[in-house]
Amino acid sequence: MHFLGNGSIAVMLYLALTHAKVLPDPRSPAFSPRMGVTLVTALGLSAGALWEMIEWIGRELASNEIYIAYEDTLSDMAVGGLGSVVGGALLACCPLLHPEATRA
C-alpha cells in the first residue's frame, strides 16, 4: 500500500505543482528525467514522513491500538520512497499528460 500510495501521491503532487507553475511541465524543454525522478522522490518521501507523523499523532490522541514501531515506520518510509522513485521514473519516461493538452 505504501509503495502504490506514495508513488501515486508523489506524481499527483508533482503534476499539481506543475499546474501551479511551480515546477516545469513534463512536456516542456525545461523538464529533465533526472529532475523529475529526484523531485517526485523528494515529494513522496515528504508525504510519507507526514503520514507517519499523522499515525503517531493518531496513536497519541485517538487510540493506543494504532500499531507504531520503529521498524514499521522505517519500512513504511523505505517502501514508500521506492514507490516514489518508480513514480518519478514513470513521470520521466511515460506520457502521463496528453501531448496536445493545453497548458493553462
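A residue counts as buried when its relative accessible area is under 20%. By this criterion, the predicted model has buried residues at 30% of the 104 positions in the protein chain. In helix α2, the buried residues are Gly36, Val40, Thr41, Leu43, Gly44, Gly48, Glu52, Glu55 and Gly58. These residues pack against two elements, α1 (2-19) and α3 (70-93).

The protein chain contains three helices and zero strands. Along the sequence, the pattern reads α-α-α. The C-alpha trace spans about 50 × 25 × 15 Å along its principal axes. Among contacts in the protein chain with a separation of 6 or more, 74% join residues 24 or more positions apart.

Helix α2 covers residues 33-61, 29 residues in all. At 1.5 Å a residue, α2 should therefore span 42 Å. The C-alpha atoms at the ends of α2 are 42 Å apart, which agrees with that expectation. An α-helix has 3.6 residues a turn, so residues three or four places apart point the same way. The buried list of α2 includes Gly36 and Val40, and also Gly44 and Gly48. Glu52 and Glu55 are on the list as well.

A search of the whole structure returned one aromatic pair. The partners are Tyr14 and Phe31, with ring centres 6.1 Å apart. The ring planes of Tyr14 and Phe31 meet at 75 degrees, so the pair is edge-to-face; the cut-off for that class is over 60 degrees. Tyr14 belongs to helix α1, whereas Phe31 sits in the loop between α1 and α2. The pair therefore ties together parts that are 17 residues apart in sequence. Tyr14 is buried, at a relative accessible area of 0%. Phe31 is buried too, at 10%.

The surface was examined next. The protein chain exposes about 6800 Å², and carbon and sulfur atoms supply 71% of that area. A nonpolar surface patch is formed by Phe3, Leu4, Val79, Leu82, Val85, Val86 and Leu90. Together, these residues have about 570 Å² of accessible area. The elements giving two or more residues to the patch are α1 and α3. The most comes from α3, which gives five residues. Leu4 of the patch lies in helix α1. Its relative accessibility is 61%, so Leu4 counts as exposed, the threshold being over 50%.

Definitions and conventions:
Residues numbered from 1 in each chain as written. Predicted model: local features only at pLDDT ≥ 70, side-chain atom pairs only at ≥ 80, totals over all residues. Heavy atoms only, no water. Helix = DSSP H or I, 4+ residues; strand = E, 2+ residues; numbered from the N terminus. Expected span 1.5 Å × (residues − 1). Buried < 20%, exposed > 50% of the residue type's maximum accessible area, 1.4 Å probe, protein only. Contact = heavy atoms within 4.5 Å. Phe/Tyr/Trp six-rings, centres within 6.5 Å; stacked < 30°, edge-to-face > 60°. Patch = residues over 30% accessible without salt bridge, like charges linked within 9 Å, V, L, I, M, F, W, Y side chains within 5 Å. Areas by Shrake-Rupley, 256 points an atom, 1.4 Å probe, with all protein chains shown as cover. Salt bridge = Lys/Arg side-chain N within 4 Å of Asp/Glu carboxyl O.
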